Amino acid sequence: MDPRCHYRPQEDDNRPGTNQEDPHKSQDTYKKKRKCRFSAEEQEILVKEVTEHQHQLFVPSKLPISRREAIWQQIVDKINSVAEVRRTVIECKKRWHDCKSRTKEKMAKNRKAALQTGCGSPAHQEALDHMDMVASRHP
């Protein structure tokens, strides 16, 4: 595993506010590391699984929240089976939301560029990849 992808204190047991020797030192001794980005394989699994379960996850239904959470957990388990870094349900939901948001932004830019008038060549349109196309079709 990549050591840059984990949260860890830089000094043993030094968390903000716990250093009694120097109160100014406590803020710098514990630095939160970011997790690695989702790999292409993780992203593909996320899109595939959410797409397969979209009607259960997003369409208003009588499906209990506990069942929806269980479906998300199954998706996370599949992602974690190939991931270098453990993912949580919250992280995967956020990743799905971010993917949809970015896709909508790209599509809006492309629509705006297509509607612009004037002489000259059309403005550069942002290309949508396979993940964007799939995410654009789902709630």
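**Figure 1. The largest pocket of this predicted model holds about 390 Å³ of space.** Eleven residues line the largest pocket, and the closest to its centre are Arg34, Cys36, Arg37, Phe38 and Arg87. Sorted by class, the lining has eight charged residues, three nonpolar ones and no polar ones. How does one find such a space in the first place? Rolling a probe the size of a water molecule over the atoms shows where empty space is left.

**Figure 2. The chain is built from six helices and zero strands.** Read from the N terminus on, the order of elements is α-α-α-α-α-α. The chain has 139 residues, and 29% of them count as buried. Its accessible surface comes to about 10200 Å², with 52% of that area belonging to carbon and sulfur atoms. If you like to follow how the chain meets itself, take the contacts between residues at least 6 apart in sequence: 54% of these join residues at least 24 apart.

**Figure 3. The largest nonpolar core brings together 14 residues.** Inside this core, the residues with the most contacts are Leu46, Val50, Trp72, Ile75 and Cys92. Which elements give two or more residues to the core? They are α2 (40–52), α4 (65–80) and α5 (89–115). The greatest contribution comes from α4, with five residues. As background for this view, nonpolar side chains in soluble globular proteins tend to be buried together.

**Figure 4. Glu49 sits in helix α2.** Is Glu49 buried or exposed? Glu49 counts as buried because its relative accessibility is 4%, and the cut-off for buried is under 20%. Setting aside neighbours within four places in sequence, Glu49 is in contact with Ile75 and Lys78. For a sense of distance, look also at Ile79: the C-alpha atoms of Glu49 and Ile79 are separated by 9.5 Å, while the two residues are 30 residues apart along the chain.

How values were computed. Residues are numbered from 1 along each chain as its sequence is written. This is a predicted model: local features need pLDDT of at least 70, side-chain atom pairs count only at pLDDT 80 or more; totals for chains, interfaces and linings use all residues. Side-chain values use heavy atoms; hydrogens and water are left out. On a 1 Å grid over the protein atoms alone, a cavity is a set of points where a 1.4 Å probe fits but cannot get out, and a pocket is an open set with protein on both sides within 12 Å along at least five of seven lines; lining residues have an atom within 4 Å of a point. Grid points are joined across faces, edges and corners, and a volume is the space filled by probe spheres set on the points. Ala, Val, Leu, Ile, Met, Phe, Trp, Tyr, Cys and Pro count as nonpolar, Asp, Glu, Lys and Arg as charged, and the others, Gly among them, as polar. Helices (H or I, at least four residues) and strands (E, at least two) are DSSP runs, numbered from the N terminus. Buried means under 20% relative accessible area, exposed over 50%, partly exposed in between (1.4 Å probe, protein chains only). Contact means heavy atoms within 4.5 Å. Accessible areas come from the Shrake-Rupley method with a 1.4 Å probe; for residues, only the protein chains shown count as cover. A nonpolar core is a set of buried Ala, Val, Leu, Ile, Met, Phe, Trp, Tyr and Cys residues joined through side-chain atoms within 4.5 Å.
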